[in-house]
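This briefing concerns the strands, the ligand surroundings and the chain contacts of one structure. Please keep the sequence and the model in view while reading.

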Amino acid sequence: MTTTSAKPSPAMPGGPRPRAAIAAKTLRTDRWWLPSLLSGGGFGLFVLYTGIRCFFIQESFWVEQYHYLTPVFSPCISEKCPDNASDLGQWLPASLPFFIPLPILTLGILTVFRLTCYYYRKMYYRAYFMSPPGCAVNEPAKKYSGETRFPLIFQNIHRYGWWLACGLLMINTWDAVRAFHGADGDVAGGFGIGLGTLIIWGNLVMLWGYSVSCHACRHITGGRLKHFSRHPVRYWLWTKVSKLNAKHMEFAWASLFSVIITDVYIMSVSAGWITDLRIFN
Amino acid sequence: MGTDRHFRVWRGNEAGGELKDYQVEVNEGEVALDVLHRIQATEEPDLAVRWNCKAGKCGSCSCEINGKPRLACMTRMSTFEETETVTVTPIRTFPIVRDLVTDVSFNYAKALAMPAFKPPGELAPGEYRMQQVDIERSQEFRKCIECFLCQTICHVIRDHEENKEAFSGPRLFIRAAELDMHPLDARSDREEFAQAAQGLGLCNITKCCTEVCPEHIKITDNAIIAMKERVVDERFDPLVRLGRKIFRRDRRQPASTK
Ligand code: SF4
Ligand code: SF4
Ligand code: FES
Ligand code: FES
């Protein structure tokens, strides 16, 4: 972009004044496009996987023997779910119109939550909207209104997504507790641990890490206060959340991959492609 | 010990300009500003470049080196390959004066438009008492050296001159956050001001400002996102407003900490 065509801007001192006439879109010599390529590609793969899984492979989400339920289909609230997997009841019919995925509730909440996440916003604005494609790299769009208008003004509902996701997380935690289930109900009261249990717990930790490190959570726990000294408990919480918050991007990616890994593992066990590695019972 | 390096420096003014080539000696331990000064001393006595402290503390020597906004005095020559061409241009977002010098008065105009600290009514000067935990967040933003690298890299105005009127930029967002988080500031309309007059909503939190800040201020995480969340409290979240009404509790307690 040649930046000499500055429009008059009455509020600005000096009025319309040309910038240095430099035509190059960027003079950066490093591979500024690489991070966006990787993150955009990685996220695209995740969307593709979840899409295929939720629309076209609506089975193999539950392992009866060990009580493994994949996080993608939790809570399982359709009549298609095995009784043991639907602790919250079955209020959706077994067959839904093709355009509604079976885990509609889960998918809906996660979409709202992750798409309005401050980190993912940064990632997809850069990688998909090219706004900007990289730092100090010219943005191709002629007009820009940021998050001031419809639809992007709705990014401001992020905290509601967070509350909903916290609800989902409770359910995931319950699922993880139930995953301590052994095949033989007479041994140790039906207790058991397998590789699946560990994977489910690993995923749970990542999901908790992602949600607790959220910027909205940081704000709610203490960020909105003016006087920390008057709220020692909330201040303490805020300092902990702030520590995790610095790692929010890492949690965002780790939890994305851990969900896929957990889902693939449970699908494979459930479909009988592999057998769960049992540690106890 | 010196090596011979290839530099390209933008020379020109309002009427136009171009990148000019220089072969120049670089010695161990030197920074880009030293090399610009050598060009000035040996070849181009009229090369315009602003500098002051040579210690990364005055914020005068901001320019763009190989396309990245940086402080020339903090850019070590050892970070470039010996064979690498080093291109130095003025910061792009502001009107050019000459060569590497730009007119950054945009930033001062925006600072002037920002309501200053409002002293708490019930305290006389000299009676202010603050606790460290309460002032800590604001202190991070006081580290700013006003180099305006964050302002020049921000695509909102870098790529859209027309947004300059509505948008104050990251440097002023940290100022807004500093005052809004200040335990004794008596104003309660800073969110409204940030959103309506500073153009906080134009920022899409893509974090280039944070990446470029030489003081490593976490501009986006600690100021912009924090302010965005506060704006949500004020403007967009009906439940927060309801909650405040019902419990008669909000964070806007009187400023006094006596
Ligand atoms: S995070 Fe916001 S203020 Fe900072 S550079 Fe990006 S758009 Fe500009
Ligand atoms: S916030 Fe950082 S980059 Fe921006 S003007 Fe201050 S010191 Fe420079
Ligand atoms: S900021 Fe990423 S989940 Fe809230
Ligand atoms: S000369 Fe002062 S910051 Fe570079």
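In β5(B), B:Val88 is the bridge partner of B:Val9. The model is a predicted one, in which local features need pLDDT of at least 70 and side-chain atom pairs count only at pLDDT 80 or more, whereas totals for chains, interfaces and linings use all residues. Residues are numbered from 1 along each chain as its sequence is written, and chains are lettered from A and ligands numbered from 1 in the order in which they are written.

**Strands of chain B**

- Strand β1 (residues 3-13) of chain B runs parallel to strand β5 (residues 86-89) of chain B, and 3 bridges join them; strands pair if DSSP finds at least two bridges between them.
- Helices (H or I, at least four residues) and strands (E, at least two) are DSSP runs, numbered from the N terminus.
- β1(B) is also joined by 11 bridges to strand β2 (residues 16-26) of chain B, in an antiparallel arrangement.
- Within this pairing, B:Arg8 has B:Asp21 of β2(B) as its bridge partner.
- A hairpin is formed by β1(B) and β2(B), with 2 residues between them.

- The shell around ligand 1 has 13 residues, of which B:Cys154, B:Pro170, B:Cys203, B:Cys208 and B:Cys209 come nearest; a residue is near a molecule if its C-beta atom, placed from the backbone, lies within 6 Å of it.
- By class, the shell around ligand 1 has 9 nonpolar, 3 polar and 1 charged residues; Ala, Val, Leu, Ile, Met, Phe, Trp, Tyr, Cys and Pro count as nonpolar, Asp, Glu, Lys and Arg as charged, and the others, Gly among them, as polar.

**Surroundings of ligand 2**

- Ligand 2 is surrounded by 17 residues, and the closest are B:Cys144, B:Cys147, B:Leu149, B:Cys150 and B:Cys213.
- Two or more residues of this shell come from each of α4 (149-153) and α6 (170-180) of chain B.
- With 3 residues, α6(B) gives the most to the shell around ligand 2.
- The shell around ligand 2 comprises 13 nonpolar, 1 polar and 3 charged residues.

**Contacts between chains A and B**

- In chain A, 49 residues are in contact with 58 residues of chain B, contact being C-beta atoms, placed from the backbone, within 7 Å.
- At least two residues of the side of chain A that touches chain B are supplied by each of α3 (118-127), α6 (215-223) and α7 (232-245) of chain A.
- α3(A) provides the largest share of that side, 5 residues.
- That side of chain A divides into 20 nonpolar, 17 polar and 12 charged residues.

Definitions and conventions: Contact = placed C-beta atoms within 7 Å.
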